[in-house]
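Subject: Structure for you to look at

Hi,

Here is the structure I promised to pass on.

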Amino acid sequence: MTRVRGLLTPLLLAVLTGAGAAGCGLGSTGPVPAGVPASGFQGERDGTSVRLYFVGRDGVQAASRPSATAPGPQAALDLLVRGPDEAERARGLTTEVTADEDRLVAEAAEGAVELRLAESVATMQGLGGLGLTQVICTVANADVPGGRRPTEVDVRVHEPGSDDPWVVRCDAAGSVVPRRS
């Protein structure tokens, strides 16, 4: 019985490891190309496109749209609130940001964006788990004075009832991260 139990332990471990890897999307075929991850606007902002962040099958994804001018944070936010266009929807992109423009205000500052919310994040309706990420990454990738790359733009989130904003950035993968001092 001890010998059988000794053999079952490595076998059980192998089965569980294989099941765990399969559950994480790791298959026996090795890596499969799945496209480019969401990323901040690379290079200089040239006024020929605006980068908006929508929700795709694998999380937040960037979408670039042509633009005659380099839109500021509020103009980019207004486009985001309108949702994905036909081509973006055809790519499977959706949004968790509802079409209520009055509750989101984005003001450009030197190397930063002041993002003012009409209600606290804890009580907001329509900004699902990824909705706030969409907003923060979209405003960080807009035309912000100061010459910072989008990944270096501080987004200061102001909630009602709080005197101090919390400061975050959008990293190159399209995730919101706290600003490091």
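The accessible surface of the chain comes to about 10,600 Å², and 56% of that belongs to carbon and sulfur atoms; these areas come from the Shrake-Rupley method with a 1.4 Å probe, and for residues only the protein chains shown count as cover. Please keep in mind that this is a predicted model, where local features need pLDDT of at least 70, side-chain atom pairs count only at pLDDT 80 or more, and totals for chains, interfaces and linings use all residues. Residues are numbered from 1 along each chain as its sequence is written, and side-chain values use heavy atoms, with hydrogens and water left out.

Now the fold. The chain has four helices and seven strands, in the order α-β-β-α-α-β-β-α-β-β-β from the N terminus. Helices (H or I, at least four residues) and strands (E, at least two) are DSSP runs, numbered from the N terminus. Of the 181 residues, 37% count as buried, meaning under 20% relative accessible area, with exposed over 50% and partly exposed in between (1.4 Å probe, protein chains only).

The largest nonpolar core holds 31 residues, and L77, L115 and V155 have the most contacts inside it. Such a core is a set of buried Ala, Val, Leu, Ile, Met, Phe, Trp, Tyr and Cys residues joined through side-chain atoms within 4.5 Å. Helix α4 gives the largest share of this core, six residues. If you click on L115, you will find that its partners include L77, V135, I136 and V155, leaving aside residues up to four places away in sequence; contact here means heavy atoms within 4.5 Å.

The disulfide joins C137 to C170, with 2.1 Å from S to S. It links distant parts of the chain, since C137 sits in helix α4 (residues 131–140) and C170 in strand β6 (residues 166–170), 33 residues apart. The link is right-handed, with 95 degrees about the S-S bond. C137 is buried at a relative accessible area of 0%, and C170 is buried too, at 1%.

N141 counts as buried, at 5% relative accessibility. Its C-alpha atom is 8.4 Å from that of C170, 29 residues away along the chain.

Best wishes

Conventions: A disulfide is a pair of cysteine sulfur atoms within 2.5 Å.
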